Every structure is written in structure tokens, then in C-alpha cells.
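This report looks at the aromatic rings of one protein model.

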Amino acid sequence: MTISATQQIVDEAITSRRSVRAYLPKLVARDDIERILEVAARSPSGSNTQPWKVYVLTGNRLQSLSDAILTAHNSEAQGGHKEEYNYYPVKWVTPYLERRRKVGWDLYALLGLGRENKAGMHAQHGRNYAFFNAPVGLIFTIDRVMEQGSWLDYGMFLQSIMVAARGRGLDTCPQAAFTQYHKIIAEQLQLPADEMLVCGMSLGYADLSKIENTLITERASIAEFAQFLE
């Protein structure tokens, strides 16, 4: 099968996307951010509802949000913060539990963090809230009136952002970790009461010298998730 140049470009943009957890201090041009969002806005949505809302944070606003969340994350009272929705299943089953555990321990192994190093794992998790030092932090919200179908649409929008970023030599990390601190985010960004936090995302240029960015997660084979019916 012959693959065209266009196919190669698109495939590379998708397959080179990964969760990058360390960034260079190099700034991202405002024009690039705007174009990425313009491209992603062409994502499909039921009845063209376009349920996404995006807050783009840089400079002092990004630092202020990071500081506020990290203060809570490092507080003994951090247990008072809870997600508004279940991103993960309440009860884990095979094969999802094994996959989750593997990617976690693979990352910690690269960083030299053993299971007994709770402080180190806590600090690494806290790097989420500094957007892994990316120069751009994205916060995504949705109107509370929207239902499950709009959340499916939202996933396609997020993927489009990440692929469009790759087309510009940029990297991302989508982060459900922010959902625990939705109250702090709502206060910092002065979100309307009818908006609900979906997730956050780091955006910037990957620091390829950092070992955590060598992590390549495994993917199941087609035979494991697809059936061809004739």
C-alpha cells in the first residue's frame, strides 16, 4: 500500500502526540495558540453545539493559579478537595487497572521513584499544577446544562488541539489532575456558576533532555479492540 505525503503528515501528527511532562522556557507565539484553537474549533459536535470554553493562561495568571493549587496540594487539608465528576471508574477491572498501574510505575521508574518514596511521588504529581513548567496552561470548561454527548464532542476538540499543536512542533499534556481543585480554579478565573471544569492542559516545547519525556506508553493491538464483520 502506497502512503501519500499527506497521509504521512497526518499520521505523524497523531502518532507523535504524547503526554509531555517537562517543557522548555521558550514562549509560544500568541498567533500559534489562536490558530491551534481555530483549527480545533472545526471539531465535530452534535447539532453544531460547540460546547467548549477555553481559558488560556500565561505569565502572571498562570503562575498565580499554579501557586494557589500547589498550596492546597501540599497542605495537610488537601483531602477537602474533590472532583465534581468521576473521570475514572469507581471500581477498576481488568484490563484497565493493569494498564493504569503500568503507566504509573513506568513513569516513576524512569524518575527513580520507588513505591516507598511517597514524598517523591507527591512532588511529581504536584508538577501537574505547575503545568510541568510549560509557558501556556489551558483550562477547559463546559456549561453544566450540557449532557454526555457534549462531553464526547469535547474529547474530539481536545484531541484536535493536541494534533494541531504537533503540526507546529509543540507538545501537550492533557490533565484530569486539575479537576480535584475545581473550586480554586473557579475562584482564580472567576468562572460563572454555570460553568463546570473539564480538565487542564499544558502546551509548549518539549524539553527532550528530561528523562520523563522518554516515556512511550504501550498500545493494545488492533486484534484486542476491533472486530471486522463481513
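This is a predicted model: local features need pLDDT of at least 70, side-chain atom pairs count only at pLDDT 80 or more; totals for chains, interfaces and linings use all residues.

**Ring pairs**

The model holds 11 aromatic pairs.

| Pair | Centre to centre | Angle between planes | Class |
|---|---|---|---|
| Tyrosine 129 and phenylalanine 178 | 5.6 Å | 80° | edge-to-face |
| Tyrosine 129 and tyrosine 181 | 5.2 Å | 85° | edge-to-face |

Planes over 60 degrees apart count as edge-to-face, so the 80° between tyrosine 129 and phenylalanine 178 puts that pair in this class. Tyrosine 129 is in the loop between α5 (118-126) and β2 (136-143), while phenylalanine 178 is in the loop between β3 (171-175) and α7 (182-189). The pair therefore ties together parts that are 49 residues apart in sequence. Tyrosine 129 and phenylalanine 178 are both buried.

Tyrosine 181 lies in the loop between β3 and α7, and tyrosine 129 in the loop between α5 and β2, so their pair ties together parts 52 residues apart in sequence. Tyrosine 181 is buried, as is tyrosine 129.

**Ring cluster**

Elsewhere in the list of ring contacts is a cluster. Its members, linked by ring pairs, are Trp52, Phe140, Tyr154 and Phe157.

**Charges over rings**

Arginine 100 has its charged end over the ring of tyrosine 88, at 4.7 Å from the ring's centre. Arginine 115 is placed over the face of tryptophan 105, with 4.3 Å to the ring centre.

Note on methods. Residues are numbered from 1 along each chain as its sequence is written. Side-chain values use heavy atoms; hydrogens and water are left out. Rings of Phe, Tyr and Trp (its six-membered ring) pair if their centres lie within 6.5 Å; planes under 30 degrees apart count as stacked, over 60 as edge-to-face and the rest as tilted. Helices (H or I, at least four residues) and strands (E, at least two) are DSSP runs, numbered from the N terminus. Buried means under 20% relative accessible area, exposed over 50%, partly exposed in between (1.4 Å probe, protein chains only). A charge sits over a ring if NZ of Lys or CZ of Arg is within 6 Å of the ring centre and within 35 degrees of the ring normal.
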